[in-house]
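Please keep the sequence and the structure in view while reading.

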Amino acid sequence: MRKLLVLALVGLAAQLIDGSLGMAYGLTSSTLLLVAGVAPAAASASVHLAEIGTTLAAGVAHWRFGNVDWRVVTRIALPGAIGAFAGATVLSSISTESAAPWMAGILFTLGAYLLVRFARPLRTDRVGGRLRGRFLGPLGLVAGFVDATGGGGWGPVATPALLVSGRMEPRKVIGSVDTAEFVVAGAASVGFLIGLGSEGFLLPTVAALLIGGLVAAPLAAWLVRIVPAQLLGAAVGGVIVLTNARTLIRSAELDGPVRPAVYAVLAAGWLAALVLAVRALRRTRRARATAVPATASDAPAAGVPAAPAATGAVPAELAGTGTPAAR
């Protein structure tokens with residue numbers, strides 16, 4: 001019972017992170033299951049089955065808060081489902097010994113990406129136009145495949161790519177990616193069911209993760225507007241890197257003084273990323289504070305048309321709170 005309670009809390013925390021960043025539910029949950037000794041395929045299968053419920057709740061919550069672009073959802077979900085089904089099939093056919101370092105390597109790489117991404121200042125500019133299907137289709141296919149084989153990765157692949165385009169509000173990127181993930185999680189679960197059978201799903205684990213995620217989903221959709229994503233992304237990235245490094249070090253059979261040295265380097269990198277994230281957050285907030293008085297002082301007199309807004313102004317939703325902008 002204590003283990004299930006811990007898993008429920010993990011599911012709650014993972015959903016809060018995912019709802020605020022548009023990524024990391026699968027990364028966080030799968031990382032914990034791997035550390036607990038669960039086989040990679042079973043870990044990914046259980047997480048994706050739980051995600052059917054959590055992503056449905058998250059999608060509804062994001063929809064109610066106006067965070068969903070349905071055009072993007074419809075164009076990215078189906079390719080994502082195809083990629084996820086293929087990824088689940090591949091992971092189900094790999095032996096546990098071979099799959100463990102493969103899955104840990106994917107999670108480690110994605111965690112390192114989060115560290116680098118959120119340690120740097122987040123762009124605040126916008127570009128007009130609409131995202132095309134020839135971009136969204138391949139993106140969904142790759143993101144879905146990585147998600148199923150790595151136990152997580154839909155958000156870390158899809159969310160940054162959409163943000164980089166600069167053609168969507170960050171909150172709508174996160175809401176749309178979370179909503180489309182419902183279809184992706186369902187397709188991955190079907191793939192694992194065919195490849196592993198029903199015994200491949202750890203149902204008590206699924207239930208615990210699901211309960212925690214369902215409790216957190218509405219709160220996460222609200223937090224997407226206020227959470228300082230810069231710090232949260234760097235913090236989560238460090239946790240994922242350190243925990244999956246354990247599996248990689250063991251697979252590489254690194255012993256003696258090498259192992260603590262590797263951990264020390266990774267911990268130092270995490271600390272540096274957090275410091276850089278704090279600095280970037282402060283710079284963004286200072287830019288916002290100076291932009292507001294300047295706008296007020298430039299207000300036009302009565303009867304005089306207002307001048308166009310400065311293109312360099314920092315949107316309020318990106319000034320230290322809310323969601324990350326495109327890089």
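Arg71 is found in helix H4, where helices (H or I, at least four residues) and strands (E, at least two) are DSSP runs numbered from the N terminus. The model is a predicted one, in which local features need pLDDT of at least 70 and side-chain atom pairs count only at pLDDT 80 or more, while totals for chains, interfaces and linings use all residues. Residues are numbered from 1 along each chain as its sequence is written, and side-chain values use heavy atoms, with hydrogens and water left out.

With a relative accessible area of 23%, Arg71 is partly exposed; on this scale buried means under 20% relative accessible area, exposed means over 50%, and partly exposed lies in between (1.4 Å probe, protein chains only). Leaving aside neighbours within four places in sequence, Arg71 is in contact (heavy atoms within 4.5 Å) with Arg130, Leu131 and Arg132. The C-alpha atoms of Arg71 and Gly133 are separated by 9.6 Å, although the two residues are 62 residues apart along the chain.

## The chain as a whole

The protein chain has 11 helices and zero strands, and its pattern along the sequence reads α-α-α-α-α-α-α-α-α-α-α. Of its 327 residues, 49% count as buried. Among contacts between residues at least 6 apart in sequence, 87% join residues at least 24 apart.

The accessible surface of the chain comes to about 14500 Å², and 70% of this area belongs to carbon and sulfur atoms. Such areas come from the Shrake-Rupley method with a 1.4 Å probe, and for residues only the protein chains shown count as cover.

A nonpolar core is a set of buried Ala, Val, Leu, Ile, Met, Phe, Trp, Tyr and Cys residues joined through side-chain atoms within 4.5 Å. The largest such core has 29 residues, of which Tyr25, Leu27, Leu33, Ala43, Leu114, Leu209 and Val236 touch the most other members. At least two residues of this core are supplied by each of helix H1 (2–21), helix H2 (25–35), H3, helix H5 (96–119), helix H9 (203–223) and helix H10 (229–251), and H5 gives the most, with six residues. Apart from this core lies another, of 28 residues, among them Ala41, Val68, Ala84 and Leu163. Ala43 touches Leu33, Leu34, Val38 and Met103, not counting residues up to four places away in sequence.

Helix H2 is mostly covered, with nine of its 11 residues buried; these include Tyr25, Leu27 and Leu33, as well as Ser29 and Ser30. H2 is followed by Gly37, whose phi is positive, near 95°.

## Buried polar side chains

Which residue does the side chain of Asp178 meet in a polar contact? Asp178 lies in helix H8 (residues 170–196) and counts as buried at 1% relative accessibility, and its side chain makes a polar contact with the side chain of His62 (3.2 Å). A polar contact is a pair of N or O atoms within 3.5 Å; within protein, one must be able to donate a hydrogen and the other to accept it, and residues adjacent in sequence count only if both atoms are side-chain atoms.

Thr149, in helix H6 (residues 133–150), is buried, with a relative accessible area of 2%. The side chain of Thr149 reaches the backbone oxygen of Phe145 at 2.9 Å, and a polar atom of this side chain lies 3.3 Å from the backbone oxygen of Val146. Neighbours within four places in sequence aside, Thr149 is in contact with Gly87, Leu91, Trp102, Met103 and Ile106. Asp18, placed in helix H1, counts as buried at 5% relative accessibility; its C-alpha atom and that of Ala216, 198 residues apart along the chain, are separated by 9.9 Å.

## A nonpolar patch on the surface

Leu56, Val60, Trp63, Trp70, Phe182 and Val183 form a nonpolar patch on the surface, with about 570 Å² of accessible area together. Patches are made of residues with over 30% relative accessible area and no salt bridge, like charges being joined within 9 Å and nonpolar side chains (Val, Leu, Ile, Met, Phe, Trp, Tyr) within 5 Å; a salt bridge is a side-chain nitrogen of Lys or Arg within 4 Å of a carboxyl oxygen of Asp or Glu.

Helix H3 (40–64) and H8 each supply at least two residues of the patch, and the largest share, three residues, comes from H3. Trp70 lies in helix H4 (residues 70–92) and is partly exposed, with a relative accessible area of 44%.
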